[in-house]
Amino acid sequence: MKRILVTGSYGQIGTELIGALRERYGGENVVATGRKKPPEILKRDGPYLQLDVLDENQLHAMLVDNDIDIVIHNASILSGTGEKDPQLAYRTNIEGSYNVLEAVRILHLDQVMIPSSIAAFGPNTPKENTPNDVIMRPITAYGISKIFIELWGEYYFRRYGVDFRSLRYPGIISSETLPGGGTTDYAVEIFYEALKNKRYTSFLDKGTYLPMMYMPDCLKCTIDLIEADASILKHRSFNITAMSFAPEEIAAEIMKHIPEFEITYEPDFRQQIAETWPASLDDSAAREEWGWKPDYDLAAMTKDMLEKLSKKLGVKY
Ligand code: AKB
């Protein structure tokens with residue numbers, strides 16, 4: 001059984017990914033790590049260790065001591081926070097990912113997965129049905145860090161044979177842990193506000209289409225790519241998507257379940273970030289190379305989110 005170490009494991013994706021990996025590979029084989037003290041959920045079925053990926057010595061020692069084969073490096077500053085503090089984004093996302101790739105190279109580990117994002121594209125990229133291989137040139141600190149990760153990871157693959165893999169995650173919608181500091185966070189916040197207050201003020205404007213995905217699909221594509229046979233991969237970084245919608249469309253879907261729900265718009269600095277990203281993605285490379293197929297569309301995701309969150313918040317609708 002492979003042993004996996006996950007960084008940033010208390011984040012939006014990390015908390016649910018740890019659970020899914022532990023179910024599949026056994027609790028003891030999945031080492032959750034992060035800079036902070038862990039939430040209870042991460043200590044439940046396996047080890048949690050405090051790790052700062054900027055400390056190379058600590059990182060190397062932890063990989064060796066725990067006999068790790070695969071690293072999933074999720075620790076990252078997101079797009080909104082990255083624009084407020086670009087230097088923090090540089091250190092965490094670029095230096096942190098460099099340290100992880102170096103450790104995997106030096107220690108000859110089996111594989112490293114580092115997420116990329118739709119933020120790796122830029123204002124010159126075609127917006128609709130954006131292809132996998134296309135001009136990128138991001139203009140946000142977060143986007144620049146993600147393109148660094150893709151290019152440096154692919155360079156290490158060609159130059160040293162490091163088995164680097166990456167998914168360009170769209171906005172991820174989930175009920176377990178709130179995202180923090182992202183541009184697509186509105187698509188999670190809207191559910192909390194719909195259930196609690198029956199109204200939501202969106203920080204993205206009407207008509208702002210972005211690619212999105214529900215957490216069960218995010219977990220599925222992450223595990224599927226880790227498990228894909230290296231010989232079938234033509235790419236190392238993949239577009240991945242499940243749906244694309246604008247704030248008024250998710251609001252309309254919520255209104256089918258909560259008719260009194262109202263949405264208003266007060267776009268802030270994240271509107272400019274969103275405008276440089278694709279509206280929809282072509283993920284045919286992932287579909288063709290390793291059989292990617294999402295399970296949730298907007299309607300199925302909305303129904304499931306409302307059911308799960310209403311239980312969690314103890315609110316009926
Ligand atoms: C963000 O909004 O910054 C992230 C992302 C799309 O990478 N959710």
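Biologist: What makes β8, β10 and β12 an open sheet?

Modeller: In this predicted model, the three strands run in the order β8-β10-β12 with mixed pairing. Strands here are DSSP runs of E, at least two residues, and helices are runs of H or I, at least four, numbered from the N terminus. β8 (171-173) and β12 (243-245) are at the edges with a single partner strand each, so one side of each lacks a neighbour in the sheet.

Biologist: How do you know that β8 and β10 pair?

Modeller: Pairing takes at least two DSSP bridges between two strands. β8 and β10 (residues 210-214) have three, in the parallel sense, and Gly 171 has Met 212 in β10 as its bridge partner.

Biologist: Why do you say that helix α7 touches the sheet?

Modeller: Contact means heavy atoms within 4.5 Å, and α7 (residues 186-197) touches β8, β10 and β12.

Biologist: Which residues can I trust, and how are they numbered?

Modeller: Numbering starts from 1 along each chain as its sequence is written. Local features need pLDDT of at least 70, side-chain atom pairs 80 or more, while totals for chains, interfaces and linings use all residues, and side-chain values use heavy atoms, without hydrogens or water.

Key:
Axes fitted to C-alpha atoms, helices over the stretch in contact; angles between N-to-C directions.
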